[in-house]
Amino acid sequence: MLRSADRHYAQTAAIATRAVREARRGDAGTVVVRHQAAAASTATLAVTAMLAEQDTPVEPDALLLPLSFTTAPENVAAMLEQVETDWQFNRLVASLVTDAARSAEQATITTRERVGFVRYVSPPCCSRCAILAGRFYRFSDGFDRHPGCDCTHLPTTDPRSDFRQDPLDLVERGLVNDLSKADQRALADGADFGQIVNIRRREAGLTRSGRVLRRGSRPTPEAIYARVGDDRDAAIQQRIRCGYLRA
């Protein structure tokens, strides 16, 4: 793991923890927006530092606008009205903040030519994340995650990056924490790990980062990727027009 990545994700976690603490005191919508902007604002420097640590610096072609990665306060309030327990409240607030950070990270990766990212899991992890561990993604690929997921983007110019992880190695080392005895026996008998996990994903599901980043009729960052595909220039221009980036 990169030292710069460790620092960045520790900082993001601290921002999310502070957001939870302050949101419980009142005016949760405003609190979440402020902390989403703070988390998103760390993305450009963090991605720059991670690429530099790998000796592959790539300058961005556009600048990030952190406030664009926030959720309207009234939408935050509406979501929080649906939770029933303190634990659900805390998880939602933290997820809103970390989603903003991850969406901003992917946006600033998009602005850098030839840069994609590796999904890095922090073991122990669940099987849904383990099966995706070490996978290289193009800038336009989505980042599926579940509530409370602590998987991270590691930006890289190399699809064969040294930071790739082997899902089966995680299983063999006992670092996948939700496999039943039946699952483990099936794997020992030669079953395909991906098939086992796909059943779990259909049952529990993963969602895309940024799913709640909506203001008015503006498309989400993920919707822009779906629209333009692998056309990086178009993705940048669409994000500039929608106010996520500045030329």
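Because the model is predicted, local features need pLDDT of at least 70 and side-chain atom pairs count only at pLDDT 80 or more, while totals for chains, interfaces and linings use all residues. Residues are numbered from 1 along each chain as its sequence is written, and side-chain values use heavy atoms, with hydrogens and water left out.

Let's begin with the helices. Two packed helices are described by the angle between their axes and the distance between the axes. Here helices (H or I, at least four residues) and strands (E, at least two) are DSSP runs, numbered from the N terminus. Axes are lines fitted to C-alpha atoms, for helices over the stretch in contact, and angles run from 0 to 180 degrees between N-to-C directions.

Take α1 (3-23) and α3 (residues 43-53) to start with: they pack at an angle of about 160°, with axes 8 Å apart. That angle makes α1 roughly antiparallel to α3 (angles under 35 degrees count as roughly parallel, over 145 as roughly antiparallel, 65 to 115 as roughly perpendicular and the rest as oblique). The crossing of α1 and α3 is left-handed, a term used if the near helix is turned anticlockwise from the far one by less than a right angle, with right-handed used if clockwise. On the α1 side, R3, S4, A5, H8 and Y9 meet A43, A46, A49, M50 and E53 of α3, where contact means heavy atoms within 4.5 Å. By class, these contact residues are six nonpolar, two polar and two charged (Ala, Val, Leu, Ile, Met, Phe, Trp, Tyr, Cys and Pro count as nonpolar, Asp, Glu, Lys and Arg as charged, and the others, Gly among them, as polar).

Next come α4 (residues 73-81) and α5, packed at about 150° with their axes 10 Å apart. This makes α4 roughly antiparallel to α5, and their crossing is right-handed. V76, M79 and L80 of α4 touch F89, L92, V93 and L96 of α5; these divide into seven nonpolar, no polar and no charged residues.

P221, I224, Y225, R227 and V228 of α10 make the contact with A234, A235, Q238 and R239 of α11.

The largest pocket has a volume of about 320 Å³. On a 1 Å grid over the protein atoms alone, a pocket is an open set of points where a 1.4 Å probe fits, with protein on both sides within 12 Å along at least five of seven lines, and lining residues have an atom within 4 Å of a point. Grid points are joined across faces, edges and corners, and the volume is the space filled by probe spheres set on the points. Of the 20 lining residues, Y9, A13, R102, C149 and D150 lie nearest the centre. Two elements, α1 and α5 (86-110), each give two or more residues to this lining, and the largest share, seven residues, comes from α5. The lining has eight nonpolar, six polar and six charged residues.

Finally, look at the backbone. Most residues other than glycine have a negative phi, and most peptide bonds are trans. D27, in the loop between α1 and α2 (28-41), has a positive phi of about 50° although it is not a glycine. The peptide bond from P123 to P124 is cis, with omega near 0°, and P124 sits in the loop between β2 (116-120) and α6 (127-130).
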